[in-house]
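Please read the following report with the sequence and the model at hand. It treats each chain in turn and then the places where the chains meet.

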Amino acid sequence: MSTTAALIALACGAIGTYFARSGLILLLADRALPASFERALQNVGPAVLAALTINLAVGSDGLGGVELAEVAALVVAGAVAIWRKNLMWTFVAGMATLWILSAVT
Amino acid sequence: MTKTSSTATTRGIVDRQALTDIVPLAIPAIPFGFVVGLAVTESAMPQWVAWLTAPLIFAGAAQLAMITLAGTASLWAVITAVLVINTRHVMYSAALAPTFRRQPRWMRWIGPFFMVDQTFALAALQTHRSPADFRRYYLTVALTLYAIWNIVVPLGMLVGPVVPDSWRLDFAPPVMFAGLTLFAIKRIPAATAAVVGGFVSLATVDLRDRLGIVIGAIAGVAAGAIAEQIIERRAPRSTSTVSDEPEP
(Lines give C-alpha, C1' and ligand atoms only; values in the text may rest on other atoms or scores of the structure.)
Protein backbone atom coordinates (compact mmCIF):
# COMPACT_ATOMS: atom_id res chain seq x y z
CA MET A 1 0.00 0.00 0.00
CA SER A 2 1.41 3.39 -0.98
CA THR A 3 1.92 6.11 1.61
CA THR A 4 -0.77 8.24 -0.06
CA ALA A 5 -3.34 5.43 0.01
CA ALA A 6 -2.47 4.66 3.63
CA LEU A 7 -2.89 8.32 4.58
CA ILE A 8 -6.26 8.47 2.80
CA ALA A 9 -7.40 5.36 4.71
CA LEU A 10 -6.13 6.86 7.97
CA ALA A 11 -7.86 10.21 7.37
CA CYS A 12 -11.18 8.62 6.34
CA GLY A 13 -11.03 6.21 9.27
CA ALA A 14 -10.21 8.94 11.78
CA ILE A 15 -12.80 11.47 10.53
CA GLY A 16 -15.50 8.80 10.09
CA THR A 17 -14.86 7.39 13.55
CA TYR A 18 -14.92 10.85 15.15
CA PHE A 19 -18.27 11.73 13.61
CA ALA A 20 -19.72 8.31 14.43
CA ARG A 21 -18.86 9.12 18.04
CA SER A 22 -19.80 12.79 18.09
CA GLY A 23 -22.51 13.16 15.43
CA LEU A 24 -25.64 12.62 17.51
CA ILE A 25 -24.16 14.35 20.56
CA LEU A 26 -23.54 17.48 18.48
CA LEU A 27 -26.84 17.27 16.58
CA LEU A 28 -29.00 16.58 19.60
CA ALA A 29 -27.10 18.93 21.91
CA ASP A 30 -29.52 21.83 22.03
CA ARG A 31 -32.74 19.96 21.46
CA ALA A 32 -34.90 18.13 23.91
CA LEU A 33 -35.88 14.66 22.82
CA PRO A 34 -39.34 13.16 23.34
CA ALA A 35 -39.50 11.23 26.61
CA SER A 36 -40.32 8.00 24.80
CA PHE A 37 -37.22 8.38 22.62
CA GLU A 38 -35.03 9.03 25.65
CA ARG A 39 -36.43 5.88 27.25
CA ALA A 40 -35.67 3.95 24.08
CA LEU A 41 -32.10 5.23 24.15
CA GLN A 42 -31.62 3.60 27.55
CA ASN A 43 -31.90 0.26 25.77
CA VAL A 44 -29.09 1.04 23.33
CA GLY A 45 -26.32 0.27 25.81
CA PRO A 46 -27.55 -3.19 26.83
CA ALA A 47 -28.31 -4.11 23.19
CA VAL A 48 -24.89 -3.06 21.84
CA LEU A 49 -22.98 -4.53 24.77
CA ALA A 50 -24.78 -7.88 24.50
CA ALA A 51 -24.17 -8.01 20.74
CA LEU A 52 -20.52 -7.08 21.30
CA THR A 53 -20.12 -9.75 23.98
CA ILE A 54 -21.45 -12.50 21.72
CA ASN A 55 -19.57 -11.33 18.63
CA LEU A 56 -16.26 -11.11 20.50
CA ALA A 57 -16.86 -14.42 22.31
CA VAL A 58 -17.50 -16.34 19.11
CA GLY A 59 -14.64 -14.53 17.40
CA SER A 60 -13.47 -15.15 13.88
CA ASP A 61 -13.65 -18.96 14.01
CA GLY A 62 -17.44 -19.07 13.79
CA LEU A 63 -19.82 -21.03 16.00
CA GLY A 64 -17.94 -24.28 15.41
CA GLY A 65 -14.88 -22.84 17.15
CA VAL A 66 -16.66 -22.05 20.42
CA GLU A 67 -15.37 -24.16 23.31
CA LEU A 68 -17.39 -25.37 26.28
CA ALA A 69 -14.91 -23.63 28.59
CA GLU A 70 -15.63 -20.30 26.87
CA VAL A 71 -19.39 -20.66 27.29
CA ALA A 72 -18.92 -21.65 30.94
CA ALA A 73 -16.62 -18.66 31.48
CA LEU A 74 -19.29 -16.28 30.18
CA VAL A 75 -22.02 -17.91 32.30
CA VAL A 76 -19.90 -17.73 35.47
CA ALA A 77 -18.85 -14.15 34.68
CA GLY A 78 -22.51 -13.20 34.20
CA ALA A 79 -23.55 -14.85 37.45
CA VAL A 80 -20.75 -13.15 39.39
CA ALA A 81 -21.58 -9.81 37.75
CA ILE A 82 -25.16 -10.07 39.01
CA TRP A 83 -24.05 -11.34 42.40
CA ARG A 84 -21.10 -9.04 43.20
CA LYS A 85 -21.83 -6.08 40.90
CA ASN A 86 -18.07 -5.67 40.56
CA LEU A 87 -16.06 -5.83 37.34
CA MET A 88 -12.84 -7.12 38.86
CA TRP A 89 -14.60 -10.11 40.43
CA THR A 90 -16.41 -10.69 37.15
CA PHE A 91 -13.11 -10.72 35.27
CA VAL A 92 -11.35 -12.99 37.78
CA ALA A 93 -14.25 -15.48 37.98
CA GLY A 94 -14.71 -15.65 34.20
CA MET A 95 -11.03 -16.06 33.38
CA ALA A 96 -10.46 -18.54 36.23
CA THR A 97 -13.32 -20.68 34.90
CA LEU A 98 -11.81 -20.53 31.42
CA TRP A 99 -8.33 -21.52 32.63
CA ILE A 100 -9.53 -24.35 34.88
CA LEU A 101 -11.90 -25.88 32.32
CA SER A 102 -9.37 -25.48 29.51
CA ALA A 103 -6.79 -27.31 31.63
CA VAL A 104 -9.21 -30.10 32.56
CA THR A 105 -10.70 -30.75 29.12
CA MET B 1 -2.15 7.42 35.39
CA THR B 2 -0.78 10.47 37.15
CA LYS B 3 -0.51 12.03 33.73
CA THR B 4 -4.28 12.48 33.67
CA SER B 5 -4.35 14.32 36.98
CA SER B 6 -3.26 17.57 35.44
CA THR B 7 -5.40 17.29 32.35
CA ALA B 8 -8.54 15.47 33.44
CA THR B 9 -10.38 18.56 34.58
CA THR B 10 -9.76 22.25 34.82
CA ARG B 11 -9.60 21.81 38.59
CA GLY B 12 -6.96 19.12 38.23
CA ILE B 13 -9.04 16.59 40.16
CA VAL B 14 -9.11 12.97 39.10
CA ASP B 15 -12.20 10.92 39.83
CA ARG B 16 -10.99 8.13 42.08
CA GLN B 17 -13.94 5.88 41.38
CA ALA B 18 -13.21 6.21 37.67
CA LEU B 19 -9.63 5.08 38.23
CA THR B 20 -10.86 2.07 40.22
CA ASP B 21 -13.51 1.21 37.65
CA ILE B 22 -11.07 1.40 34.79
CA VAL B 23 -8.52 -1.12 36.10
CA PRO B 24 -10.36 -4.30 35.06
CA LEU B 25 -11.20 -2.74 31.69
CA ALA B 26 -7.67 -1.51 31.06
CA ILE B 27 -6.13 -4.94 31.77
CA PRO B 28 -7.66 -6.64 28.70
CA ALA B 29 -6.80 -3.56 26.62
CA ILE B 30 -3.09 -4.04 27.29
CA PRO B 31 -2.60 -7.36 25.45
CA PHE B 32 -4.97 -6.09 22.74
CA GLY B 33 -2.75 -3.04 22.36
CA PHE B 34 0.28 -5.31 22.06
CA VAL B 35 -1.48 -7.29 19.34
CA VAL B 36 -2.27 -4.08 17.46
CA GLY B 37 1.36 -3.01 17.89
CA LEU B 38 2.60 -6.32 16.51
CA ALA B 39 0.19 -6.06 13.57
CA VAL B 40 1.64 -2.63 12.80
CA THR B 41 5.06 -4.20 12.32
CA GLU B 42 3.59 -6.73 9.87
CA SER B 43 1.30 -4.31 8.02
CA ALA B 44 1.49 -3.47 4.35
CA MET B 45 0.96 0.12 5.41
CA PRO B 46 3.97 2.33 6.13
CA GLN B 47 4.64 1.72 9.84
CA TRP B 48 4.35 5.34 10.90
CA VAL B 49 0.91 5.63 9.27
CA ALA B 50 -0.25 2.38 10.87
CA TRP B 51 1.03 3.65 14.24
CA LEU B 52 -0.92 6.90 13.81
CA THR B 53 -4.18 4.89 13.94
CA ALA B 54 -3.65 4.63 17.73
CA PRO B 55 -3.69 8.36 18.54
CA LEU B 56 -6.02 9.39 15.68
CA ILE B 57 -8.63 6.61 15.34
CA PHE B 58 -8.27 5.18 18.86
CA ALA B 59 -10.44 2.10 18.33
CA GLY B 60 -8.74 -1.27 18.72
CA ALA B 61 -10.89 -3.49 16.52
CA ALA B 62 -11.11 -0.90 13.75
CA GLN B 63 -7.37 -0.23 13.90
CA LEU B 64 -6.63 -3.93 13.74
CA ALA B 65 -8.92 -4.28 10.73
CA MET B 66 -7.30 -1.36 8.91
CA ILE B 67 -3.75 -2.47 9.68
CA THR B 68 -4.28 -6.11 8.70
CA LEU B 69 -6.60 -5.54 5.72
CA ALA B 70 -4.23 -3.00 4.17
CA GLY B 71 -2.53 -4.65 1.25
CA THR B 72 -5.02 -7.51 1.02
CA ALA B 73 -8.17 -5.44 0.44
CA SER B 74 -8.89 -2.39 -1.70
CA LEU B 75 -8.54 1.05 -0.15
CA TRP B 76 -12.32 1.46 -0.07
CA ALA B 77 -12.80 -1.98 1.47
CA VAL B 78 -10.38 -1.01 4.24
CA ILE B 79 -12.19 2.28 4.90
CA THR B 80 -15.61 0.59 4.81
CA ALA B 81 -14.47 -2.08 7.26
CA VAL B 82 -13.25 0.56 9.71
CA LEU B 83 -16.46 2.58 9.48
CA VAL B 84 -18.75 -0.44 9.78
CA ILE B 85 -16.88 -1.69 12.83
CA ASN B 86 -17.27 1.76 14.38
CA THR B 87 -20.97 2.14 13.52
CA ARG B 88 -21.81 1.07 17.03
CA HIS B 89 -20.36 4.37 18.21
CA VAL B 90 -23.35 6.13 16.63
CA MET B 91 -25.51 4.30 19.13
CA TYR B 92 -23.19 5.26 22.00
CA SER B 93 -23.48 8.84 20.79
CA ALA B 94 -27.28 8.58 20.74
CA ALA B 95 -27.38 7.00 24.18
CA LEU B 96 -25.20 9.68 25.81
CA ALA B 97 -26.62 12.66 23.87
CA PRO B 98 -29.10 13.59 26.65
CA THR B 99 -26.26 13.58 29.18
CA PHE B 100 -23.90 15.56 26.94
CA ARG B 101 -26.63 18.16 26.36
CA ARG B 102 -25.86 19.50 29.83
CA GLN B 103 -22.12 19.74 29.06
CA PRO B 104 -20.27 22.84 27.81
CA ARG B 105 -19.64 23.11 24.09
CA TRP B 106 -15.92 22.22 24.27
CA MET B 107 -16.81 18.98 26.07
CA ARG B 108 -19.41 18.09 23.42
CA TRP B 109 -16.75 18.45 20.72
CA ILE B 110 -13.78 16.88 22.50
CA GLY B 111 -15.44 14.26 24.74
CA PRO B 112 -16.80 12.01 21.96
CA PHE B 113 -13.35 11.61 20.40
CA PHE B 114 -12.46 9.33 23.33
CA MET B 115 -15.67 7.30 23.31
CA VAL B 116 -14.41 3.74 23.06
CA ASP B 117 -16.45 0.74 24.24
CA GLN B 118 -15.02 0.92 27.75
CA THR B 119 -15.58 4.66 28.14
CA PHE B 120 -19.19 4.32 27.01
CA ALA B 121 -19.85 1.29 29.18
CA LEU B 122 -18.56 3.03 32.30
CA ALA B 123 -19.95 6.50 31.55
CA ALA B 124 -23.42 5.13 30.73
CA LEU B 125 -23.64 3.98 34.36
CA GLN B 126 -22.85 7.50 35.66
CA THR B 127 -25.45 9.61 33.85
CA HIS B 128 -27.22 10.38 37.14
CA ARG B 129 -24.22 12.50 38.23
CA SER B 130 -24.16 16.29 38.07
CA PRO B 131 -22.70 17.67 34.81
CA ALA B 132 -19.40 18.59 36.46
CA ASP B 133 -19.10 15.23 38.22
CA PHE B 134 -19.98 13.34 35.05
CA ARG B 135 -17.40 15.33 33.10
CA ARG B 136 -14.69 14.59 35.65
CA TYR B 137 -15.55 10.88 35.62
CA TYR B 138 -15.75 10.70 31.82
CA LEU B 139 -12.49 12.55 31.22
CA THR B 140 -10.63 10.53 33.86
CA VAL B 141 -11.71 7.30 32.17
CA ALA B 142 -11.15 8.65 28.65
CA LEU B 143 -7.71 10.17 29.15
CA THR B 144 -6.44 7.25 31.23
CA LEU B 145 -7.47 4.78 28.51
CA TYR B 146 -6.03 7.05 25.83
CA ALA B 147 -2.70 7.29 27.67
CA ILE B 148 -2.54 3.52 28.27
CA TRP B 149 -3.45 2.75 24.66
CA ASN B 150 -0.82 5.09 23.30
CA ILE B 151 1.82 3.49 25.49
CA VAL B 152 1.00 -0.17 24.86
CA VAL B 153 0.61 0.03 21.07
CA PRO B 154 4.17 1.38 20.58
CA LEU B 155 5.37 -1.14 23.20
CA GLY B 156 3.73 -3.89 21.16
CA MET B 157 5.58 -2.59 18.13
CA LEU B 158 8.83 -2.91 20.08
CA VAL B 159 8.29 -5.99 22.19
CA GLY B 160 5.81 -8.04 20.19
CA PRO B 161 3.67 -10.68 21.88
CA VAL B 162 4.99 -10.96 25.45
CA VAL B 163 1.83 -12.61 26.74
CA PRO B 164 1.66 -16.34 25.95
CA ASP B 165 -1.41 -17.47 23.99
CA SER B 166 -2.15 -19.95 26.77
CA TRP B 167 -3.23 -17.06 29.01
CA ARG B 168 -6.22 -16.70 26.72
CA LEU B 169 -6.37 -12.95 27.21
CA ASP B 170 -8.09 -12.82 23.82
CA PHE B 171 -11.18 -13.98 25.69
CA ALA B 172 -10.94 -11.30 28.38
CA PRO B 173 -12.90 -8.65 26.42
CA PRO B 174 -16.10 -10.75 26.03
CA VAL B 175 -15.91 -11.66 29.72
CA MET B 176 -15.73 -7.98 30.61
CA PHE B 177 -18.47 -7.01 28.20
CA ALA B 178 -20.73 -9.76 29.59
CA GLY B 179 -20.43 -8.15 33.03
CA LEU B 180 -20.96 -4.65 31.65
CA THR B 181 -24.07 -5.78 29.78
CA LEU B 182 -25.60 -7.07 32.99
CA PHE B 183 -24.67 -3.91 34.90
CA ALA B 184 -26.43 -1.83 32.25
CA ILE B 185 -29.73 -3.71 32.57
CA LYS B 186 -32.02 -1.87 34.95
CA ARG B 187 -35.46 -2.39 33.47
CA ILE B 188 -37.35 -5.12 31.60
CA PRO B 189 -37.11 -3.40 28.17
CA ALA B 190 -33.32 -3.17 28.62
CA ALA B 191 -33.19 -6.89 29.43
CA THR B 192 -35.26 -7.59 26.32
CA ALA B 193 -32.89 -5.46 24.27
CA ALA B 194 -29.87 -7.34 25.61
CA VAL B 195 -31.34 -10.81 25.06
CA VAL B 196 -32.52 -10.07 21.51
CA GLY B 197 -29.29 -8.17 20.72
CA GLY B 198 -27.24 -11.13 21.92
CA PHE B 199 -29.22 -13.74 20.01
CA VAL B 200 -29.36 -11.78 16.74
CA SER B 201 -25.65 -11.08 17.03
CA LEU B 202 -25.14 -14.83 17.48
CA ALA B 203 -27.24 -15.60 14.40
CA THR B 204 -25.27 -13.09 12.31
CA VAL B 205 -21.85 -13.84 13.74
CA ASP B 206 -20.50 -15.14 10.45
CA LEU B 207 -21.05 -11.85 8.65
CA ARG B 208 -17.90 -9.98 7.68
CA ASP B 209 -16.48 -6.86 9.31
CA ARG B 210 -18.28 -7.58 12.58
CA LEU B 211 -21.53 -6.47 10.98
CA GLY B 212 -23.32 -8.81 13.39
CA ILE B 213 -22.63 -6.34 16.23
CA VAL B 214 -24.54 -3.59 14.46
CA ILE B 215 -27.40 -5.82 13.29
CA GLY B 216 -27.74 -7.39 16.73
CA ALA B 217 -27.73 -3.98 18.39
CA ILE B 218 -30.38 -2.56 16.06
CA ALA B 219 -32.59 -5.63 16.59
CA GLY B 220 -32.07 -5.33 20.35
CA VAL B 221 -33.01 -1.65 20.43
CA ALA B 222 -36.13 -2.37 18.36
CA ALA B 223 -37.12 -5.24 20.68
CA GLY B 224 -36.55 -2.99 23.70
CA ALA B 225 -38.80 -0.32 22.20
CA ILE B 226 -41.54 -2.89 21.56
CA ALA B 227 -41.23 -4.18 25.13
CA GLU B 228 -41.43 -0.57 26.32
CA GLN B 229 -44.70 -0.04 24.44
CA ILE B 230 -46.24 -3.27 25.72
CA ILE B 231 -45.36 -2.39 29.31
CA GLU B 232 -46.64 1.15 28.90
CA ARG B 233 -49.96 -0.09 27.55
CA ARG B 234 -50.44 -2.47 30.45
CA ALA B 235 -49.26 -0.20 33.26
CA PRO B 236 -51.13 2.87 34.50
CA ARG B 237 -49.69 6.02 32.93
CA SER B 238 -48.54 7.46 36.25
CA THR B 239 -46.03 4.69 36.87
CA SER B 240 -43.95 5.35 33.77
CA THR B 241 -40.98 7.58 34.46
CA VAL B 242 -38.39 9.06 32.19
CA SER B 243 -35.56 9.15 34.68
CA ASP B 244 -33.66 6.04 35.48
CA GLU B 245 -33.38 4.56 38.92
CA PRO B 246 -29.94 5.06 40.45
CA GLU B 247 -29.80 1.45 41.58
CA PRO B 248 -30.50 -1.66 39.50
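In this predicted model, 53% of the 248 residues of chain B count as buried. Chain B contains 11 helices and 0 strands, so that its elements, read from the N terminus, run α-α-α-α-α-α-α-α-α-α-α. Among the contacts in chain B between residues at least 6 apart in sequence, 69% join residues at least 24 apart.

Chain A can be described in the same terms. Of its 105 residues, 47% count as buried. Chain A has 5 helices and 0 strands, and its elements run α-α-α-α-α from the N terminus on.

**Two helices of chain B**

Helix α10(B) has 16 residues and reaches 23 Å from its first C-alpha to its last, close to the 22 Å expected at 1.5 Å a residue. Its buried residues are Pro189(B), Ala190(B), Thr192(B), Ala193(B), Ala194(B), Val196(B), Gly197(B), Gly198(B), Val200(B) and Ser201(B). These buried residues pack against α3 of chain A, and also against α9 (172–184) and α11 of chain B.

Helix α11 of chain B covers residues 211–234. Its 24 residues should span 34 Å at 1.5 Å a residue, and its end C-alpha atoms are 35 Å apart, which agrees. The buried residues of α11(B) include Gly212(B), Ile213(B), Val214(B), Gly216(B) and Glu228(B). The buried residues of α11(B) pack against α2 and α3 of chain A, together with α4 (75–85), α5 and α10 of chain B.

Phe58(B) is found in the loop between α2 (47–56) and α3 (60–69) of chain B. Is Phe58(B) buried or exposed? Phe58(B) has 24 C-beta neighbours inside 10 Å and therefore counts as buried, since the cut-off is 20 or more. The phi of Phe58(B) is near 55 degrees, a positive value in a residue other than glycine. As background, most residues other than glycine have a negative phi.

Asp133(B) lies in helix α8 (residues 131–159) of chain B. With 13 other C-beta atoms within 10 Å, Asp133(B) is partly exposed. Asp133(B) and Asp15(B) are 118 residues apart along the chain, and their C-alpha atoms are separated by 8.3 Å.

**Where the chains meet**

In the contact between the chains, 65 residues of chain A meet 83 residues of chain B. On the side of chain A that touches chain B, the elements giving two or more residues are α1 (3–27), α2 (35–41), α3, α4 (68–84) and α5 (87–104) of chain A. The largest share of this side, 20 residues, comes from α1(A). By class, the side of chain A that touches chain B has 44 nonpolar, 16 polar and 5 charged residues.

Helix α3(A) takes part in two helix pairs with chain B, which the table sets out. Two packed helices are described by the angle between their axes and the distance between the axes.

| Helix pair | Angle between axes | Distance between axes |
|---|---|---|
| α3(A) and α10(B) | roughly 30 degrees | within 7 Å |
| α3(A) and α5(B) | about 155 degrees | 9 Å |

How do the directions of the helices follow from these angles? The axes of α3(A) and α10(B) cross at roughly 30 degrees, and angles under 35 degrees count as roughly parallel. Helices α3(A) and α10(B) are therefore roughly parallel to each other. Their crossing is right-handed. On α3(A), the residues that make this contact include Pro46(A), Ala47(A), Ala50(A) and Ile54(A), and on α10(B) they include Ala190(B), Ala194(B), Gly197(B) and Ser201(B). By class, the contact of α3(A) with α10(B) has 11 nonpolar, 5 polar and no charged residues.

For α3(A) and α5(B), the angle is about 155 degrees, and angles over 145 degrees count as roughly antiparallel. The helices α3(A) and α5(B) are therefore roughly antiparallel to each other. Here α3(A) passes α5(B) in a left-handed crossing. Val44(A), Gly45(A) and Val48(A) in α3(A) meet Arg88(B), Met91(B), Ala94(B) and Ala95(B) in α5(B). By class, this contact has 5 nonpolar, 1 polar and 1 charged residues.

Methods
Residues are numbered from 1 along each chain as its sequence is written. Chains are lettered from A and ligands numbered from 1 in the order in which they are written. This is a predicted model: local features need pLDDT of at least 70, side-chain atom pairs count only at pLDDT 80 or more; totals for chains, interfaces and linings use all residues. Axes are lines fitted to C-alpha atoms, for helices over the stretch in contact, and angles run from 0 to 180 degrees between N-to-C directions. Helices (H or I, at least four residues) and strands (E, at least two) are DSSP runs, numbered from the N terminus. Angles under 35 degrees count as roughly parallel, over 145 as roughly antiparallel, 65 to 115 as roughly perpendicular and the rest as oblique. A crossing is left-handed if the near helix is turned anticlockwise from the far one by less than a right angle, and right-handed if clockwise. Two residues are in contact if their C-beta atoms, placed from the backbone, lie within 7 Å. Ala, Val, Leu, Ile, Met, Phe, Trp, Tyr, Cys and Pro count as nonpolar, Asp, Glu, Lys and Arg as charged, and the others, Gly among them, as polar. A residue is buried if 20 or more other C-beta atoms lie within 10 Å of its own, exposed if 12 or fewer, and partly exposed in between; C-beta atoms are placed from the backbone. The expected span of a helix is 1.5 Å times one less than its number of residues.
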